[in-house]
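Please look through the sequence and the model below before reading on.

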Amino acid sequence: MATASTASRITRKIGIAVKKAASRNKGWYDLHMAAASGAIAQRLPLVDLVAEIRDARIPLSSENELLRDFPALSKRIVVMNKIDLADQTQVKGWMRYFEQQNCIPYGVNSHNKDSVKGLLNFIQAQVRGLCKANHHASETITIMLVGIPNVGKSALANSLHQMGRISAAEKGRLKHATVSPQPGETKDISSFKQYNGVFHAQHLNLQIGSHPNIYLLDTPGILPRMVHDAELCSKLVLTGGGAIRDGLIEHKELARYFLTILNLSDQYKKWAKFSTNEDRLLSFIEHKVEDSICSKLEMRQKKQHMMDHTQDLIVNEVRGTIFDTISCFDGNIDLEEDMIKLIEAELVAFREAFRVPQGLGEYVYNRVVSVKLLDLYRTGRLGHYTLDTLPQTLHHPL
């Protein structure tokens, strides 16, 4: 069985499990999302420009399918957010792909001010070009931000607004979109308010430029009523995007999916410098000795620090554990059975690397390790990955 097939089979299994769980839990498409879809569709023909926000790790899978219903939609901007978490060697290829699809691509890291500033300048330049080409006489240009849930639309809207507003005097009058940490839960949408279950367009209040005045319309994240592609489901859950929450599937299954991707990459080879088992054992003994001479308060603080899986010491031990486990594995990861054996060996080895207390039971062990592992993946601490494959031919509709 080929390597690609091994990854695909594991991915599909997880996606099928997600779809089954979603069907038992009334799925992810609720009345809020249905109403928002209608409001967005009604408003789309009236705006001057559309900026679709996608997740750079899944440039195709994070497409907002609602836009497919508007084939006559003028040229739009495709903003690939979270570019810092994607495989940098593939970014240029995706930019070319979207250009060939008659889109205007741009990559951004919404957590980096310089990156957001670059996006603001880019949008303002596009608007000036649009006005010049169309002899636009209006003093106001509206741009609608669309995307699936949790790709960072509202965070970007707020950041662009903060940087682009005309004067400090407007700060108290202009509202912001309220960002929720949960997928699909953006509230107080700047251009949509709900009355009796129906969303209505309101005053545009996210200004990002002047001469002409440029306003952003932030919109709720939308997913299709049904996601038929099992692999797409898996990608949405793994990246933490979409409205598909982790709770629909065991964390261990998601961890297995990520480890499949990591094990098939060359990322682990970069962590050879963290691989010395003897050094990690010595470090562990030294911490034990230090603990014995610390006060109770110091011991408690040190223990809390050592339990924090985001600390560099822990992250590097996890990286070293991955390198050691893969390097010592004598199976054939092109075979699904051997890949699963490697993953199980890694999950067991992570218990020590993550300092998981003993005596928790197998289920708790797996959950604790998996949650910590997924967090490190989603924050880019265990490498940068693009899960979608760049199309070789331009057949994918946008």
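In which loop does lysine 82 lie? In this predicted model, lysine 82 is found in the loop between S2 and helix H3 (91-100). Its phi is near 60°, which is a positive value in a residue other than glycine. Lysine 82 has a relative accessibility of 18%, and because buried means under 20%, this residue counts as buried.

A second residue with a positive phi is arginine 355, whose value is about 60° although it is not a glycine. Arginine 355 belongs to the loop between H11 and helix H12 (362-378), and with a relative accessible area of 13% it is buried.

**The protein as a whole**

The secondary structure comes to 12 helices and eight strands. Of the 398 residues in the protein, 51% are buried.

Helix H4 covers residues 113-134, and its length can be checked with a simple calculation: at 1.5 Å a residue, its 22 residues should span 32 Å, and the end C-alpha atoms are 31 Å apart, which agrees. Which residues of H4 are buried? They are Ser115, Val116, Leu119, Leu120, Phe122, Ile123, Gln124, Val127 and Cys131. These buried residues pack against several elements, namely strand S2 (77-81), strand S3 (104-108), strand S4 (140-146), helix H5 (153-164), strand S7 (206-209) and strand S8 (213-218).

The loop between S3 and H4 holds asparagine 109, which is buried with a relative accessible area of 14%. When its neighbours within four places in sequence are left aside, asparagine 109 is in contact with Asn81, Ile83, Asp84, Ser115 and Val116.

**Two pairs of helices**

Two packed helices are described by the angle between their axes and the distance between the axes. The axes of H4 and H5 come within 10 Å and cross at roughly 75°. Angles of 65 to 115 degrees count as roughly perpendicular, and H4 and H5 are therefore roughly perpendicular to each other. On the H4 side the contact is made by Lys113, Val116, Lys117, Leu119, Leu120 and Ile123, and on the H5 side by Leu156, Ser159, Leu160, Met163 and Gly164. Divided by class, the residues of this contact of H4 with H5 are seven nonpolar, two polar and two charged.

The other pair is helix H6 (residues 230-238) and helix H7 (residues 251-263), whose axes come within 10 Å and cross at roughly 100°. H6 and H7 are therefore also roughly perpendicular to each other. Ser234, Lys235, Val237 and Leu238 of H6 make this contact with Leu254, Tyr257, Phe258 and Ile261 of H7. By class, the contact of H6 with H7 has six nonpolar, one polar and one charged residues.

**Residues around helix H10**

Aspartate 324 has its place in helix H10 and counts as buried at 12% relative accessibility. How far from the C-alpha atom of tryptophan 271 is that of aspartate 324? The two C-alpha atoms are separated by 9.2 Å, while the residues are 53 residues apart along the chain.

Phenylalanine 329 lies in the loop between helix H10 (312-328) and helix H11 (336-353). At 24% relative accessibility, phenylalanine 329 counts as partly exposed. Its C-alpha atom is 9.3 Å from that of lysine 341, a residue 12 residues apart from it in sequence. Leaving aside the neighbours within four places in sequence, phenylalanine 329 is in contact with Asp338, Lys341 and Leu342.

**Cysteines and a summary of accessibility**

A disulfide is a pair of cysteine sulfur atoms within 2.5 Å, and by this rule the count comes to zero disulfides. The table sets out two cysteines beside some of the residues discussed above.

| Residue | Relative accessibility | Class |
|---|---|---|
| Cysteine 103 | 5% | buried |
| Cysteine 233 | 0% | buried |
| Asparagine 109 | 14% | buried |
| Aspartate 324 | 12% | buried |
| Phenylalanine 329 | 24% | partly exposed |

Conventions:
Residues numbered from 1 in each chain as written. Predicted model: local features only at pLDDT ≥ 70, side-chain atom pairs only at ≥ 80, totals over all residues. Heavy atoms only, no water. Buried < 20%, exposed > 50% of the residue type's maximum accessible area, 1.4 Å probe, protein only. Axes fitted to C-alpha atoms, helices over the stretch in contact; angles between N-to-C directions. Helix = DSSP H or I, 4+ residues; strand = E, 2+ residues; numbered from the N terminus. Parallel < 35°, antiparallel > 145°, perpendicular 65-115°, else oblique. Contact = heavy atoms within 4.5 Å. Nonpolar A, V, L, I, M, F, W, Y, C, P; charged D, E, K, R; others polar. Expected span 1.5 Å × (residues − 1).
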